[in-house]
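I opened this entry to keep a record of what I looked up in one model. The sequence and structure come first, and my notes come after.

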Amino acid sequence: MNRFFQFLAVAALMVNVAVAQVKWSADPGHTNARFDVKHLGISFVDGQFTKVEGTVETATATSFNNAKVNFSIDVNSVDTRIEARDNHLKTDDFFAADKFPKMTLKSVTFKNAKVKGKYIMVADLTIRDVTKKVTFDVTQNGGVITDPWGKTRAGFTAKTKINRQDFGIKYNDKLPSGVEAVASDVDIIVNTELVLN
């Protein structure tokens, strides 16, 4: 009987080793986290974080179902093409970059959707040390390819919408009409090109 339990323990260990053994890294030159937010109720301002690091683990090199996703975003890399606005975003009105220099994204589940190349990811998103579960619609862009230099790559776009105030970003200037100067709802798009390690 003891040998039977030993066999089960070894079998379970082998299964755990077999799962999520393929590792991918985000190519920093082809990865960014973008945002789009309404301004004064009449237009949109967009920007991006240019320094994004990430890893993905999968069971095989061809399937991303049940992938484990772990990304880190450098808040100080925010870029809206206007330096004064970027500096404001780094203050306590928004990201408080001096206190919270990183945002993180860690998948809870990553499942095939009903359409080929589509996934649903539920992830823990942390901004200003506030963590909330957020659901992303994920699209795999063009499958898995081998680049001209022999590296295996896969590209993804993940989209979601959050309420920034849920994460402690409380900036609340309003027009006389009551319209928010900067809307609470923020569209987020993460683009990444993964390279097989």
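**Ground rules.** I worked from a predicted model, in which local features need pLDDT of at least 70, side-chain atom pairs count only at pLDDT 80 or more, and totals for chains, interfaces and linings use all residues. Residues are numbered from 1 along each chain as its sequence is written, and side-chain values use heavy atoms, with hydrogens and water left out.

**Whole chain.** I took helices (H or I, at least four residues) and strands (E, at least two) as DSSP runs, numbered from the N terminus. The chain has two helices and 11 strands. I read their order along the sequence as α-β-β-β-β-β-β-α-β-β-β-β-β. I counted a contact when heavy atoms are within 4.5 Å. Among contacts with a separation of 6 or more, 55% join residues 24 or more positions apart.

**Core.** I defined a nonpolar core as a set of buried Ala, Val, Leu, Ile, Met, Phe, Trp, Tyr and Cys residues joined through side-chain atoms within 4.5 Å. The largest one holds 45 residues, and Phe49, Phe64 and Phe95 touch the most other members. Strand 11 (residues 182-196) gives this core six residues, the most of any element. I then listed the partners of Phe49 beyond four places in sequence, and among them are Phe35, Ile73, Val75, Val78, Phe95 and Met103.

**Neighbour of Phe49.** Gln48 is in strand 3 (residues 43-49). Beyond four places in sequence, the contacts of Gln48 include Asn32, Ala33, Phe35, Ser77 and Asp79.

**Empty space.** Rolling a probe the size of a water molecule over the atoms shows where empty space is left. On a 1 Å grid over the protein atoms alone, a cavity is a set of points where a 1.4 Å probe fits but cannot get out; a pocket is an open set with protein on both sides within 12 Å along at least five of seven lines; lining residues have an atom within 4 Å of a point. Grid points are joined across faces, edges and corners, and a volume is the space filled by probe spheres set on the points.

How many cavities of 30 Å³ or more are there? I counted one. The largest cavity has a volume of about 170 Å³. Its lining has 15 residues, with Val69, Phe71, Phe110, Phe156 and Thr192 closest to the centre. For residue classes, Ala, Val, Leu, Ile, Met, Phe, Trp, Tyr, Cys and Pro are nonpolar, Asp, Glu, Lys and Arg are charged, and the others, Gly among them, are polar. The cavity lining splits into 13 nonpolar, two polar and no charged residues.

The largest pocket has a volume of about 540 Å³. I noted 30 lining residues, with Phe35, Val37, Leu89, Phe95 and Val186 nearest the centre. Strand 2 supplies the largest share of this lining, six residues. The pocket lining divides into 23 nonpolar, three polar and four charged residues.

**Positive phi.** Leu40 is not a glycine, yet its phi is positive, about 60°. Leu40 is in the loop between strand 2 and strand 3, and is partly exposed at 31% relative accessibility. Arg81, also not a glycine, has a positive phi of about 75°. Arg81 is in the loop between strand 6 (78-79) and helix 2, and is exposed at 59%.

**Two more residues.** Is Gly54 buried or exposed? Gly54, in strand 4 (residues 52-58), is buried, at 10% relative accessible area. Beyond four places in sequence, Gly54 contacts Trp24, Ser25, Ala26, Asn70 and Phe71.

His39 belongs to strand 2 and is partly exposed at 29%. I found His39 and Glu180 to be 141 residues apart in sequence but 7.7 Å apart, C-alpha to C-alpha. The contacts of His39 beyond four places are Phe44, Val45 and Ala181.

Technical notes: Buried means under 20% relative accessible area, exposed over 50%, partly exposed in between (1.4 Å probe, protein chains only).
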